[in-house]
Amino acid sequence: MAELELGKKKTLGQKLGSDGVQNTTMFAILILLCIITTIIEPSFLSVSNFKNILVQVSSTVIIGSAVTMVLISGNLDLSVGAVGAMAGVMYGVFARGGIETTIAIILAVLIGGIMGAINGSFVALLRLPSFIVTIATMYVARGIAYIGAGGAVINTDLPGDFGALGKSTGVIPLPIVYTIIVFAIFMIYQNKTVIAKEVYAIGANIKAAELSGIRVNRNLIITYIMCGLASAFAGVIITARFAQADCKILTGFEFDAVIAAVLGGTELTGGKGTVFGILMGALILGVLSNLMNMLGFANYYQNLVKGIVLVLAIVLNRYIRSQLDR
Amino acid sequence: MQENVLEIKNVSKHFAGVKALDDVSFNIKKGSCHCLVGENGAGKSTLIKIITGAHKRTAGTILYNGKEYNPSSTKDAMKTGIGCLFQELNVVEQLRVEENICLGLEETKYGIIQNNNESLKKVLDVLATLDASINPKSYVEELSVAKRQVIEIAKALALDSDIIIMDEPTAALSEEEVRRLFQVVADLKARGVTIIYISHRLDEIFEIGDYITCLRDGRHIETKPRADIHTRQELIQMMIGKVLVEDYIPNKVDYNVKAIEAIGLTNDKKLKNVSFDLHKGEILGFYGLIGAGKTEIANVLYGVDEYEGTVKINGATANIKNPTQAIAKGLALVPEERRTEGLCTMLSICDNTPMMNYKTVSSGGILNAKKMKDLADMYVKKVVVACRDSAQVIAFLSGGNQQKVVLSKCLNSNPDIILLDEPTRGVDVGAKQEIYALIRELSEQGRSVIVFSSELPEILNICDRVGLLYDGSLQEIIQNGDDVDSQHIMNIVTGGV
């Protein structure tokens, strides 16, 4: 204990770090799952099936990437689903009102950003618990969505290009393209920027971060704005895909996003996790759903399986971290 | 001749290739205050954990009152008669004193807690004899650390403990509370209870120790009666195996240039009209008991607390409202609590080092991973952090090494003025000296330093001038030197005039 252990050879696990091992393990599990699924149901291995899965998980990845950063900061955002629905409905309202489609999209996404700024301000400046703040904004956003859509769906008097953003026919469905772009942006952001590094510090120990001169308030607000923007974008994409503004979309989605993040190794207590993890989490859940659908599992069983998978994932994550974070 | 209450014979403890204890043998006499000293990593905690049943020894025997002692668990050890007062007290703050005492020992009938609890009565009786001012119905969170300790001691006594182990009990106590604790120790000895006392505070060891055992690198070095050790130097030499110079050497101070001018600092956090100057290259100390206002001054300078008064940095009034601004003005703070304020302990050395100034490892807001690693490695080497490598998580470093990472973090921001709040609290002797050397080096580089400390030898070792604080007031600033009068200092900081 008293001597420096310099020059001691590192194990592969030590070289990768706990995040690296976590991500590699999840990737291996994903591959394994794909192999098992293919054995059970060979039709899994088809381009159209893959496209389906990717489109299904697109919201999870887009919103989940931003939620991952919120979790890393040591907070929650339970308003993501509601903000997505609100943005989708506002897109419909604007488009029906005659605003040019592209502008309508941008405005709808910006409204999501404003919601995020509100979340971030209450959490950072008033230091209110994010659980409470984002539940409140969740109700507000969902309320706006309902009001905007008259409690139902906007599908009349919409411009012809309303659904263009979400065009899913063609070689690569557009939602998948957006997913890749947003995911790439967040990957780079999380890995390479100073702000992201500071967010890790904030989640790990907010007091130490403050005393080290990190601008905690600014960073928290930025993190929540990004989450609001991503949620709104996902909501608009769904709305475009179905060419109608439905106020009920993404209900309960906040939990799906968190579950996928936790599956990917992000901890709810903050300071640890990766954006890559959300991709793994989302894909594992996506493939699992696909498998259960092909096997004809009823919804209730699917939830049961998801719950078990979640617990196993957390236990595995804990084990990996305890072995490597020494 | 006193009999032995505990005989430790050839005890070893191995952890996956590391010899935490290597063939340790010595005896502890009944009714004595037996001090255990040694640097962090010497094996003290491991030995204590074996005695209290938290770890199983790899080899060797322990005899307790002549009989073989093999506790199966901490509860088993407690029942056998070994009580322990840990550094982190095991109390639940939101519960009352009497509820805390009963925790784990509640008398229940079919799962419902009974009201007339015999063991509770016993403890409360003991508590009354130790400190009658503690009300059993008060909530623990309202009590000071010192009083919580007394509660723990009462618990141990009520269980008829033969041996009470105290691990760094005075770290968070004021002078008066330390005196009270020593009285309790004397009281316990009179009852025939043996105390195993672990501390880095050599003065205390000299005062209450009857025997001193020194461990180093997991091995037993020596056990001596206290009476056979004549000087601090002897004790330190036992502990680290080399001689230290504990004399004060004046630093290169430029008394013409004032790095900080503080005028009339007052706030509702205790400070009353504090005024002082910090000169360039100076190491200024602030000494006082707990609650005297040391951290409060640091917080004012660093922008953590509001205040009335003026602070001038290099001649210009600085309106520092938060740490970000303080750092921009050239200040850096090593906070009092390194684990909760100084570091992100779940992150690595590499992640923590650049936290005060990412500019050295990034450009345009984009991080350079290689620069981050090189920076951390550079500091690990420079301040000598004992670690596996810079990717190691902070939580697994010893206190002294963690503190060095905090220092690295500050140095990385290239500060003109460094504030150090209790820089060597909970740090072992060897690392302490290394940190003092680093502090002196800061002054040599022309930076100005303020050290806030409750350890007088530390202050007198490195500071050029010392501000004496009492109850939020700066009573006096004395010049350090050969003619320093420790009695006078103690008098001032305890409220005398």
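Which residue in strand 24 of chain B is the bridge partner of Leu469(B)? Select Leu469(B) and look across: the partner is Leu474(B).

Before going on, some ground rules. This is a predicted model, where local features need pLDDT of at least 70, side-chain atom pairs count only at pLDDT 80 or more, and totals for chains, interfaces and linings use all residues. Residues are numbered from 1 along each chain as its sequence is written, chains are lettered from A and ligands numbered from 1 in the order in which they are written, and side-chain values use heavy atoms, with hydrogens and water left out.

**Stop 1: a hairpin in chain B**

Select residues 465–470 and 473–479 of chain B. These are strand 23 and strand 24, paired in the antiparallel sense over 6 bridges. Two strands pair if DSSP finds at least two bridges between them. Helices (H or I, at least four residues) and strands (E, at least two) are DSSP runs, numbered from the N terminus. The hairpin has 2 residues between its strands, and Asp471(B) takes a positive phi near 50°.

**Stop 2**

Now pick strand 15 (residues 283–287) of chain B. It runs parallel to strand 23 of chain B, joined by 4 bridges. Leu284(B) has Arg465(B) as its bridge partner in strand 23.

Contact means heavy atoms within 4.5 Å. Axes are lines fitted to C-alpha atoms, for helices over the stretch in contact, and angles run from 0 to 180 degrees between N-to-C directions.

**Stop 3: the four-stranded sheet**

Stay in chain B. Here 4 strands form an open sheet in the order 14-13-16-17, with antiparallel pairing. The edges are strand 14 (274–280) and strand 17 (316–317), each pairing on one side only. Strand 13 (residues 254–266) is joined to strand 14 by 6 bridges. Helix 9 (residues 294–302) of chain B packs on this sheet, touching strands 13, 14 and 16 (308–313) and making about 65° with the direction of strand 14.

**Stop 4: a helix pair in chain A**

Select helix 2 (residues 47–72) and helix 9 (residues 216–242) of chain A: they pack at an angle of about 170°, with axes 8 Å apart. That makes the two helices of chain A roughly antiparallel, a term for angles over 145 degrees. Show side chains next. Among the residues that meet are Ile62(A) and Val67(A) from helix 2, and Phe233(A) and Ile237(A) from helix 9.

**Stop 5: where the chains meet**

Display both chains. 37 residues of chain B are in contact with 31 residues of chain A. Together the chains bury about 2800 Å², 63% of it on carbon and sulfur atoms. Buried area is the accessible area (1.4 Å probe) that two parts lose on being put together, summed over both.

How many salt bridges does the rule find across the interface of chain B and chain A? The rule finds 1. Zoom in on Asp351(B) and Lys197(A), whose closest N and O atoms are 3.0 Å apart. A salt bridge is a side-chain nitrogen of Lys or Arg within 4 Å of a carboxyl oxygen of Asp or Glu.

Methods: Angles under 35 degrees count as roughly parallel, over 145 as roughly antiparallel, 65 to 115 as roughly perpendicular and the rest as oblique.
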